[in-house]
Amino acid sequence: MSIKKQPRNSNLPADVTSFVGRTDEMRRIRSVLSHARLLSLTGAGGVGKTRLARAVGADMHRAFRDGVWLIDLTTVPDGGFAEQAIRDAAPGPRNAASVEEQLADRESLLVLDNLDYVGADIGQRIADILAHCPDIRILTTTRSALGISGEYVLQVRPFAVAGNNNKGDSKSSDAVTLFRHRAQAVTGLGPVDWNDSELLELCSRLEGLPLAIELAALRTRSMSIREIIDGLKDRFRLLKGGPRDLPRRHRSLTALLQWSWDQCNLGEQRLWAYFSVFAGSATLDAIIDICGSTTATAHPAELVESLVQRSILVCEYDEGVSRFRMLDSMREFGLLMLSGEDRNPNSWQTNRVRSRHMEYYLGYAADAEKIWFGPNQRKSSTGVGKEIANIRVAFEHALDDSRTCGLAASVVADLWFYWIGCGHLHEGKIWAERAWTRVNERGVQSEARTLWTLGWILLITGEVDRAEWCLRTCLASAGRENDSRSAAFATALLGAVHGFRGDAVAALASYQSAVDDARSRGDQMATAIFLYQQAEIYCVFGYFDQAEESCNQCAEICLNSGDRWCLAYMMWVRSLIHFMKGETESSGTLADEALSIMATVEDHLGVTLVGELLAWIATADGEFPKAAALLAATGAYWGTAGSPLMGFDRLHRHRETSMSRLTRELSNADVARATAEGLRAGVEGIPGLARPSHDELNTPSTLARNEQTHPSQSDVHDAYPGLAGLTNRERQIAGLIAQGMTNKQIASSLIISRRTVDTHVAHILAKCGAQRRSEIASLITSESVAR
């Protein structure tokens with residue numbers, strides 16, 4: 001038996017040979033050190049900086065004539081002893097006058113581990129070494145960058161739990177591999193057949209933090225994976241007992257975090273504790289607003305920067321905005337510090353910070369609702385999506401107190417567009433039911449609008465009887481509160497209830513009453529919503545002319561307001577009208593356009609409704625595999641929503657007809673293949689499954705009829721390069737808008753329908769970020785001048 005010896009030109013310990021993962025980071029470090037002389041590995045405690053640095057050193061020892069040398073500064077009491085520690089470990093004559101002279105003619109890599117222990121003094125010593133020793137390169141591990149000239153910084157992050165293929169495969173997950181490796185080492189067992197999903201869940205709960213994973217692996221000596229997961233409810237009690245040869249701070253998660261806490265000044269400690277009430281990530285504005293009056297010792301922005309430097313906070317960039325987050329272990333430790341020595345989670349200090357957090361995020365939700373209808377829809381919905389974790393925390397805090405549970409009910413109503421317009425029906429239903437139950441239990445006055453929000457969700461999920469109860473209760477409550485807007489929404493949605501039950505007269509009467517009320521109050525959003533829903537009722541009962549008129553009125557409001565969400569639903573209704581009239585080509589064109597908008601505003605319900613209609617069109621046109629794939633994708637959504645097509649029988653029969661024909665036209669194998677494709681695609685893949693239909697407006701005959709009197713498509717494209725995002729037809733219509741033509745004149749001139757022109761104009765405005773036709777004309781004029 002032979003034992004592999006460490007190379008003579010290295011003092012690295014043998015344990016680096018057990019290094020797991022990090023191949024990408026190692027490759028990047030080698031690349032940086034090929035041209036840089038100083039690289040600092042930063043990151044949170046326990047993230048594996050030391051092990052990574054040592055593994056890189058072992059891997060690179062042959063690249064340096066005089067080897068790789070590890071200088072562990074853990075036991076150095078302060079910066080004044082740092083030079084001696086380097087001299088003791090580094091190559092060269094020990095009797096040299098200085099460390100610079102000792103290393104002057106050496107070609108080595110120095111691995112300076114745990115610089116946090118020696119403070120800021122070490123930075124100048126490293127700068128001196130680099131200045132006087134041209135063939136020395138230095139790799140450091142530290143919480144905070146040194147901040148000296150020529151320093152490269154690489155932040156070491158926890159393992160990605162999902163694996164290298166991002167598909168939740170435990171075999172490709174470095175986090176799971178590390179856990180298996182350490183568990184087998186401490187138990188003395190061979191490979192254990194643990195449940196893959198439980199391993200991934202455990203490593204995810206540990207956030208891929210190597211130290212936490214290794215400490216959890218110790219528990220496999222007496223606990224199952226599920227028991228370890230359950231034990232993480234008290235992770236600081238569970239994650240301890242590390243090897244005795246490790247530094248004390250690495251023997252338990254508590255010790256590690258306590259050491260990090262002790263390195264922070266008072267202001268940093270306060271911000272760490274206050275940030276623990278956040279969930280997920282937060283913007284700098286939110287941190288300043290919530291924590292600004294409580295950190296006193298320095299401006300919150302400066303303290304945020306300090307905690308980022310100390311690797312307590314992680315800074316990420318999202319569409320040009322900085323967002324800050326904290327590992328759960330650090331957040332939970334901060335919450336313990338916030339709750340005080342008695343560890344009381346309801347201490348006055350904790351409640352004060354939670355209340356400020358609640359006020360900020362409930363206000364954020366209310367502001368987002370105010371800008372939803374109009375040109376800022378995407379900003380509103382994506383903003384709420386990024387902040388929803390914090391809004392959830394604010395909702396829970398409000399719900400827990402009888403003095404604020406009415407606010408919890410209000411935020412449910414504020415977020416109606418997020419539940420319904422962005423496809424989060426299940427969560428919206430849970431929030432609404434919990435809020436309504438709590439306010440009733442405590443006898444708290446709440447707003448009626450929470451009930452129409454819940455009623456609308458229940459309609460979509462096919463629970464018509466419960467929806468009716470909510471809406472009638474809302475109507476009565478709105479009358480007592482003199483809330484005419486909630487009364488109008490309840491009336492309109494009761495119209496949908498009548499429609500679902502086949503009573504067209506009652507349905508249309510309810511909608512007309514709601515439309516009239518909304519118009520009298522100047523409520524553009526409510527009017528547009530009620531109009532497209534009224535148009536849908538007209539359509540499914542065969543009143544096509546009336547449905548078209550309602551669509552026209554809705555489109556006018558949407559165009560004037562810059563709204564896209566209602567516009568897309570209106571276009572879906574128009575497509576449905578054409579389909580029910582047997583005009584599948586024009587129906588497909590409208591459906592494709594509606595789908596592009598629905599996908600842009602990320603409305604899962606809307607995408608599914610349009611995808612459903614495109615499946616019916618594909619069936620009618622003989623495109624059976626496409627139809628089968630689309631129906632599988634939409635069926636997956638309906639399965640989670642609760643009821644196909646909201647339980648609307650007059651729509652559901654088209655789905656049944658389409659599926660019946662597919663079973664006759666396709667073999668079982670073809671159906672299985674198409675179904676598998678649709679299930680793989682899901683809701684997000686519906687636009688990809690729906691191959692764009694042929695555009696009747698761009699046929700050669702149509703263009704030929706107009707080429708003598710209007711600029712050609714290529715001419716428009718060349719003249720207005722700023723409008724390159726438009727389709728050829730949209731560019732042509734933009735040119736006619738610039739000439740001062742109305743939609744009616746454009747329709748007459750191009751020999752197309754007024755409705756088609758309306759749709760194209762809406763697309764042009766949206767794509768150019770404009771709200772008025774005059775802006776399009778100005779844009780074209782400015783582009784022409786620029787050329």
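Q: Across which strands does helix H5 lie, and at about what angle does H5 run to E4?
A: In this predicted model, helix H5 covers residues 121-132. H5 lies across E1, E3 and strand E4 (136-141). Its direction relative to E4 is about 160°.

Q: Which strands does helix H3 lie across, and at about what angle does H3 run to E2?
A: Helix H3 spans residues 82-89. H3 lies across E2 and strand E3 (108-113). The angle between H3 and E2 is about 145°.

Q: What is the order of the five strands in the open sheet?
A: The sheet is open and its pairing is parallel. The twist from one strand to the next averages 20°. The order is E2-E3-E4-E1-E5.

Q: Which strands stand at the edges of the sheet?
A: An edge strand here has a single partner strand, so one side of it is left without a neighbour in the sheet. That holds for residues 68-72 and for residues 151-155. The edge strands are E2 and E5.

Q: Which residue in E5 stands opposite Leu-38?
A: Strand E1 covers residues 38-42 and pairs with E5 in the parallel sense. Five bridges make up that pairing. Opposite Leu-38 stands Glu-151.

Q: Which residue in E3 stands opposite Ile-71?
A: E2 and E3 run parallel. Five bridges join E2 to E3. The residue opposite Ile-71 is Leu-112.

Q: How many of the five residues of E2 are buried?
A: E2 stands at an edge of the sheet, with a single partner strand. Even so, E2 is mostly covered. Its buried residues number four.

Q: Why is helix H18 largely enclosed by the rest of the structure?
A: H18 runs over residues 405-414. Its buried residues include Cys-405, Gly-406, Val-411 and Asp-414. H18 is largely enclosed because its buried residues number nine of the 10.

Q: Are H18 and H21 roughly parallel, roughly perpendicular or oblique to each other?
A: Helix H21 covers residues 449-460. H18 and H21 pack with their axes 8 Å apart, at an angle of about 50°. Angles from 65 to 115 degrees count as roughly perpendicular and those under 35 as roughly parallel. The two helices are therefore oblique.

Q: Which residues in H21 meet H18?
A: The crossing of H18 and H21 is left-handed. H18 brings Ala-409, Ser-410, Val-412, Ala-413 and Asp-414 to the contact. By class, the contact divides into three nonpolar, three polar and two charged residues. On the H21 side stand Arg-449, Thr-450 and Thr-453.

Q: Are H27 and H28 roughly parallel or roughly antiparallel to each other?
A: H27 takes in residues 565-580, and H28 takes in residues 584-600. They pack at an angle of about 165°, with axes 8 Å apart. Angles over 145 degrees count as roughly antiparallel. H27 and H28 are therefore roughly antiparallel.

Q: How many nonpolar residues does the contact of H27 with H28 have?
A: The crossing of these helices is left-handed. Leu-567, Trp-572 and Phe-579 are among the H27 residues in the contact, and Leu-590, Ile-597 and Met-598 are among those of H28. Five polar and two charged residues take part. The nonpolar count is 11.

Q: Does Ser-510 count as buried or exposed?
A: Ser-510 sits in helix H24, residues 504-520. Setting aside residues up to four places away in sequence, Ser-510 touches Thr-491, Gly-495 and His-498. Its relative accessibility is 14%, so Ser-510 counts as buried.

Q: What is the relative accessibility of Ile-764?
A: Ile-764 belongs to helix H38, residues 754-768. Beyond its neighbours within four places in sequence, Ile-764 contacts Leu-726, Glu-730, Ile-733, Ala-734, Ile-737 and Ile-776. Ile-764 counts as buried, with a relative accessibility of 0%.

Q: What separates the C-alpha atoms of Pro-375 and Leu-559?
A: Pro-375 lies in the loop between helix H16 (348-370) and helix H17 (377-399). At 47% relative accessibility, Pro-375 counts as partly exposed. Pro-375 and Leu-559 are 184 residues apart along the chain. Their C-alpha separation is 9.9 Å.

Q: What percentage of the residues in the protein is buried?
A: The protein has 39 helices and eight strands. It holds 787 residues. The buried share is 54%.

Notes: Residues are numbered from 1 along each chain as its sequence is written. This is a predicted model: local features need pLDDT of at least 70, side-chain atom pairs count only at pLDDT 80 or more; totals for chains, interfaces and linings use all residues. Side-chain values use heavy atoms; hydrogens and water are left out. Axes are lines fitted to C-alpha atoms, for helices over the stretch in contact, and angles run from 0 to 180 degrees between N-to-C directions. A crossing is left-handed if the near helix is turned anticlockwise from the far one by less than a right angle, and right-handed if clockwise. Contact means heavy atoms within 4.5 Å. Ala, Val, Leu, Ile, Met, Phe, Trp, Tyr, Cys and Pro count as nonpolar, Asp, Glu, Lys and Arg as charged, and the others, Gly among them, as polar. Two strands pair if DSSP finds at least two bridges between them. Buried means under 20% relative accessible area, exposed over 50%, partly exposed in between (1.4 Å probe, protein chains only).
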